[in-house]
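Me: I have a new structure open and would like to be walked through it. Could we start with the surface?

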Amino acid sequence: MSEPTGKYSITMPRDIAEAAKARSGPSGLSAYVAAAVARQIERDNLNELITVAEAEHGPVTDDEIQSLRDQLNQARREQTRHGASAA
């Protein structure tokens, strides 16, 4: 069952509205815009979480970020190798 909906009037630049309309596909412009707004809300919530965490624990350093990226890339390489050997 889907969530209840409401009808809203919004204003946006015409070129953005037309591009969204062209890309919205069979689900329509309303669904396309709703998905974009939902993604923005997720980003805003994550930014708030990061702000709270950094206030409590200090900012994440570039070295820490790179270390985590390296670990993720290594895990992906291992997963690819294991997937290839299982086939």
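Predicted model: local features only at pLDDT ≥ 70, side-chain atom pairs only at ≥ 80, totals over all residues.

Me: Which residues make the nonpolar surface patch?

Reply: The patch is made by Tyr-8, Ile-10, Met-12 and Ile-16. Its area is about 470 Å².

Me: Where does Ile-16 lie, then?

Reply: Ile-16 belongs to helix α1, which covers residues 14-23. Its relative accessibility is 49%, so Ile-16 counts as partly exposed. The label "exposed" would require over 50%.

Me: Let us change topic. How many helices and strands are there?

Reply: The protein chain has 3 helices and 0 strands. Read from the N terminus, the order of the elements is α-α-α. The chain is more spread out than a compact globule, because its radius of gyration is 20 Å, well over the 12 Å given by the globule rule for 87 residues.

Me: What box do the C-alpha atoms fill?

Reply: Along the principal axes, the C-alpha atoms of the protein chain fill a box of roughly 45 × 45 × 35 Å.

Me: Now Leu-49: which helix is that in?

Reply: Leu-49 is found in helix α2, which spans residues 28-57.

Me: Is Leu-49 buried or exposed?

Reply: Leu-49 is exposed, as its relative accessible area is 55%.

Me: What separates Leu-49 from Glu-3?

Reply: Along the chain, Leu-49 and Glu-3 are 46 residues apart.

Me: Last topic, charges. How many positive and negative side chains are there?

Reply: The protein chain carries 10 positive and 13 negative side chains. The centres of these two sets lie 13 Å apart.

Note on methods: Residues numbered from 1 in each chain as written. Heavy atoms only, no water. Helix = DSSP H or I, 4+ residues; strand = E, 2+ residues; numbered from the N terminus. Rg over C-alpha atoms; globule rule 2.2 N^0.38 Å. Lys, Arg positive; Asp, Glu negative; His and termini not counted. Charge placed at Lys NZ, Arg CZ, Asp CG, Glu CD. Patch = residues over 30% accessible without salt bridge, like charges linked within 9 Å, V, L, I, M, F, W, Y side chains within 5 Å. Areas by Shrake-Rupley, 256 points an atom, 1.4 Å probe, with all protein chains shown as cover. Salt bridge = Lys/Arg side-chain N within 4 Å of Asp/Glu carboxyl O. Buried < 20%, exposed > 50% of the residue type's maximum accessible area, 1.4 Å probe, protein only.
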